[in-house]
Amino acid sequence: MSQENILVIDNVTKRFGGLRALNKVSVNVRKGEILGLIGPNGSGKTTLFNVISGFYHPEEGSVNLRGEDITDLKPHQIARKGIGRTFQIVRPFGDMSVLDNVLVSGLFSVPRGGKTEKVQDRCRRILEIADLTEKINVPADGLSIAEKRRLEIARALALDPQILLLDETMAGLTHHEVDHALGITSKIRKEFGLTIIFVEHVMRAIMAISERIVVLSEGAKIAEGSPKEVSENEQVLTAYLGQRGKK
Amino acid sequence: MLELLIQTIINGLFIGFLFGLAGMGLTLIFGIMKLLNFAQGPMIMLGAYGAFWVYVLLSVDPMLGILMTAIFGLILGALLYRGLLFKLVQAPALASLLVLFGVSMILENTMLNLWSPNPRSIPVDYPTFSFGLVTISGARLIVSAVAILASMLLMVTLKWTTFGRIIRATVQDRNAATLMGVDVTNVYMVGSSIGIGLTLLSGGLLALIYPFEPFGGLQYSLYSFVVVVLGTLGNPLGCLLAGLIIGLLHSFTGSYWTLNMSPAVAYLILVLTLLFRPGGLMAGRD
Amino acid sequence: MNDLKTSVMGVNSLTISLGALIVIGTLGLVSDTATTGYLHAMLELMILAYSMNLFTGLSGYANFGQVIFYGLGAYTVAVCVVAFSAVGVVLPTFVYVIFAGIFAATFALIIGFPILRLRGDYFAIATLGINEAVRVTICNTKELGEGRGIYVLGMVPSYDIKMLFIQLLIVTFAAMIVTHLVLKTKLGYGLRAIRADEDVAEIMGVNTAKYKSIAYSIGAFFAGLAGGVVTLQFACSFPEYLYIGRSVDMFTAIVLGGTGTLLGPLLGSIIFWTVKDALLINFPYFHLIIFGIVLIIMVLFFPRGIMGILNRFLSKKGKVLE
């Protein structure tokens with residue numbers, strides 16, 4: 001199965017002071033796949049997301065989107081090129097209504113002169129998929145944690161992205177809510193034909209939907225492969241158990 | 001020429017210690033609570049009026065009045081925290097700035113009602129010392145001595161006492177300090193108390209050298225902001241050094257250009273620091 | 001769909017605003033000079049409140065130096081009138097006022113480029129610092145009249161208060177329309193997102209630097225226009241026009257009415273102005289203490305102002321006003 005690479009992360013190094021948060025990490029993301037990104041706490045997963053979305057600029061290496069170098073672009077430029085993301089600690093626009101939250105990215109994703117009404121319709125459809133239609137006028141602050149996470153997904157979707165970065169969208173959810181979220185994630189993928197990269201700790205979720213997994217540990221990539229391959233990898237087991245042993 | 005230079009430097013250092021002291025009050029509150037005391041200037045004026053009142057009503061030595069004002073400031077700081085500032089610790093910048101702006105309005109207009117809009121001063125007859133053509137007024141000498149003493153006391157407390165360590169821990173990481181069993185609410189209250197106490201003390205000392213008026217605080221707010229930004233927000237030693245730099249700048253502008261332009265020069269330094277070295281001169285050091 | 005209707009009994013916020021403006025305008029034009037003067041001052045505050053609202057109200061940036069644009073507008077008119085009449089040219093007064101707006105907006109664009117990178121307390125300090133630096137510099141510049149100001153008496157046609165009032169009405173009308181348009185478009189959504197969380201706004205595709213700069217300049221433009229008219233009114237531009245107290249009035253008005261809305265600045269400045277006037281008569285020395293207390297209470301307990309309180313009731317009926 002040879003597929004074209006939509007996102008190429010090549011040899012990326014990101015330092016904070018003396019600490020290497022990412023150390024020569026290379027990942028190829030294939031168009032349309034669901035890629036899981038796992039690793040112990042502090043292994044650099046969120047840092048990698050921040051590098052992809054332009055929040056951090058790496059000291060070395062490059063990020064290419066469909067062959068175009070986006071390493072040094074600003075976050076809003078990268079967003080408009082088609083990369084949407086959510087946040088590990090949810091960050092909705094608290095005092096704005098659910099619809100307005102989604103409208104922001106909806107409006108800013110369309111080229112100049114885009115009609116507000118059209119964008120509104122699209123945003124409503126997205127909110128329907130995210131199961132938030134009932135809450136359309138509620139200020140985002142008034143949502144439950146599960147709803148806030150769904151709102152973040154909807155907001156990222158309104159950007160009309162080609163790649164969706166999901167940062168622990170299942171953390172802190174109940175068993176039932178995880179099922180709900182998984183359902184929505186597969187629905188999104190089918191409907192929008194997206195490439196999804198997600199960071200997750202909920203093992204059940206990772207095994208259920210990822211087609212390929214990349215494992216980071218202490219800022220470096222230590223394994224890559226199918227869920228089965230990764231779960232049998234020596235190094236991965238050591239990284240997880242080793243960390244537990246230290247603590 | 002040389003006399004003018006020496007005189008300028010001496011005056012600059014004297015006023016610099018006072019600026020440094022005022023800045024310390026501000027920087028302490030900012031460091032601990034991440035709260036910019038926008039009412040800093042009016043509080044300095046309040047300190048000046050407090051010292052003035054004690055001096056006029058009780059006809060005692062102004063130094064005693066200044067001491068009483070500082071103690072009043074400690075109490076005011078604690079009460080203000082309990083009554084108002086605790087609400088601002090987690091608030092967005094705009095909200096807390098507006099609330100403290102409201103506090104400024106209340107303070108300024110209370111002072112206006114109590115003491116009229118006319119500028120006041122405390123006439124002191126401390127002896128003046130002359131060395132050749134260089135003169136040093138006794139008032140300035142006392143003011144700097146008290147300012148140095150208070151700054152040293154604060155720094156020693158922060159550096160070597162348990163209480164100081166608790167404060168420094170809170171400044172560095174609020175959450176970690178909470179996890180280590182520090183009751184941050186109490187730290188905030190004490191920080192607010194000491195911070196506002198120092199501010200009123202600096203106001204009282206200021207009254208010995210300069211005239212003051214109800215709406216004269218804005219200038220001192222800005223001088224304090226310059227000092228804390230230049231000296232790195234939350235860093236008392238940096239603050240004292242920055243105070244000296246600004247004092248010298250103030251004095252040199254006065255001697256070699258015109259005293260009227262001194263604030264403009266200071267504000268320009270403020271804006272440039274914010275733009276090019278937002279961490280202040282001491283950024284990255286402990 | 002359970003959408004909120006943005007109108008009450010078929011009337012939306014823009015209609016209410018324009019209706020209020022027509023009432024104020026008619027009152028001002030038919031009544032005696034004293035009343036016109038009173039309403040004139042109210043409109044001036046209203047324009048300043050709208051100018052503050054466009055940037056600070058929507059983006060949440062604590063701008064304590066908005067009054068600088070008002071002051072620079074006033075000085076622009078004074079300097080232009082003096083310069084033009086020196087070469088024997090007399091332009092219609094509104095042209096000078098437009099110059100004032102353009103100069104203020106250009107100044108905002110230039111200083112905005114560096115200072116809009118600062119956030120929170122740092123931005124507030126910088127705006128205050130620039131404001132005072134400019135004021136002190138004007139007070140010490142001989143060509144700008146130092147502390148005395150620049151007089152233009154006799155260099156422009158007579159200052160009929162009704163004529164000036166009409167100019168202010170037009171500027172207020174423009175400020176309302178522009179605010180309405182901003183709220184409805186990308187600019188408004190972008191600014192509100194910045195207010196909520198600037199980093200996230202950027203990641204959602206908002207070019208934050210650009211949108212902050214645009215709003216800052218539009219706000220400055222209107223403050224500059226108001227400043228331009230004031231020079232014509234008093235035939236002089238004083239350094240006092242740059243005094244920070246005026247920024248406090250603007251803040252109090254928009255916080256009272258409701259920041260980031262269309263009706264907020266209107267309601268806020270009408271209430272602020274009437275109450276201030278009443279208090280000034282009855283408690284001449286206490287009115288600013290009372291406003292200080294009101295400001296604190298509003299910010300702490302009613303952060304969305306009167307509009308917030310109003311909408312809390314309206315939303316139960318499925319309606320909302322902007």
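This is a predicted model: local features need pLDDT of at least 70, side-chain atom pairs count only at pLDDT 80 or more; totals for chains, interfaces and linings use all residues.
## A walk through a three-chain model

**A helix inside the structure**

H10(C) covers residues 245-257. From its first C-alpha to its last, this helix of 13 residues reaches 19 Å, close to the 18 Å expected at 1.5 Å a residue. Because 11 of the 13 residues of H10(C) are buried, the helix is largely enclosed by the rest of the structure. Among the buried residues are Arg246(C), Ser247(C), Met250(C), Phe251(C) and Leu256(C). Just after the helix comes Gly258(C), which takes a positive phi of about 130°.

**The nonpolar core**

Which residues touch the most other members of the largest nonpolar core? They are Ile47(C) and Ala104(C), in a core of 274 residues. Leaving aside neighbours within four places in sequence, Ile47(C) is in contact with Leu168(C), Val171(C), Thr172(C), Ala175(C), Phe222(C), Leu225(C) and Ala226(C). As general background, nonpolar side chains in soluble globular proteins tend to be buried together.

**How the chains meet**

There are 2 pairs of chains in contact, and chains B and C share the most contacts. Chain A and chain B, on the other hand, do not touch, and their nearest C-alpha atoms are 11 Å apart.

Where chains B and C meet, 34 residues of chain B are in contact with 34 residues of chain C. On the chain B side, helices H4 (93-115), H9 (217-230) and H11 (262-276) each give two or more residues. H4(B) provides the largest share, 15 residues.

Chain C also meets chain A: 17 residues of chain C are in contact with 23 residues of chain A. Helix H7 (186-196) and helix H8 (198-203) of chain C each supply at least two residues of this side, and the largest share, 6 residues, comes from H7(C).

The table sets out the classes of residue on these two sides.

| Side | Nonpolar | Polar | Charged |
|---|---|---|---|
| Chain B, touching chain C | 27 residues | 6 residues | 1 residue |

**Chain B as a whole**

Chain B has 11 helices and 2 strands. From the N terminus on, its elements run α-α-α-α-β-β-α-α-α-α-α-α-α. Along its principal axes, the C-alpha trace of chain B spans about 60 × 45 × 35 Å. How does its radius of gyration fit what a compact globule would have? With 286 residues, such a globule would be near 19 Å, and chain B has 18 Å, which agrees. Of those 286 residues, 52% count as buried. Among contacts in chain B between residues at least 6 apart in sequence, 79% join residues at least 24 apart.

**A hairpin in chain A**

Finally, turn to chain A, where strand E1 (residues 5-16) and strand E2 (residues 19-30) run antiparallel and are joined by 8 bridges. One of the residues to look for is Ile9(A), whose bridge partner in E2(A) is Val27(A). The two strands, E1(A) and E2(A), form a hairpin with 2 residues between them. In the turn sits Gly17(A), with a positive phi of about 60°.

Technical notes: Residues are numbered from 1 along each chain as its sequence is written. Chains are lettered from A and ligands numbered from 1 in the order in which they are written. Two residues are in contact if their C-beta atoms, placed from the backbone, lie within 7 Å. Helices (H or I, at least four residues) and strands (E, at least two) are DSSP runs, numbered from the N terminus. A nonpolar core is a set of buried Ala, Val, Leu, Ile, Met, Phe, Trp, Tyr and Cys residues joined through C-beta atoms within 7 Å. A residue is buried if 20 or more other C-beta atoms lie within 10 Å of its own, exposed if 12 or fewer, and partly exposed in between; C-beta atoms are placed from the backbone. Ala, Val, Leu, Ile, Met, Phe, Trp, Tyr, Cys and Pro count as nonpolar, Asp, Glu, Lys and Arg as charged, and the others, Gly among them, as polar. The expected span of a helix is 1.5 Å times one less than its number of residues. The radius of gyration is taken over C-alpha atoms; the globule rule is 2.2 Å times the number of residues to the power 0.38. Two strands pair if DSSP finds at least two bridges between them.
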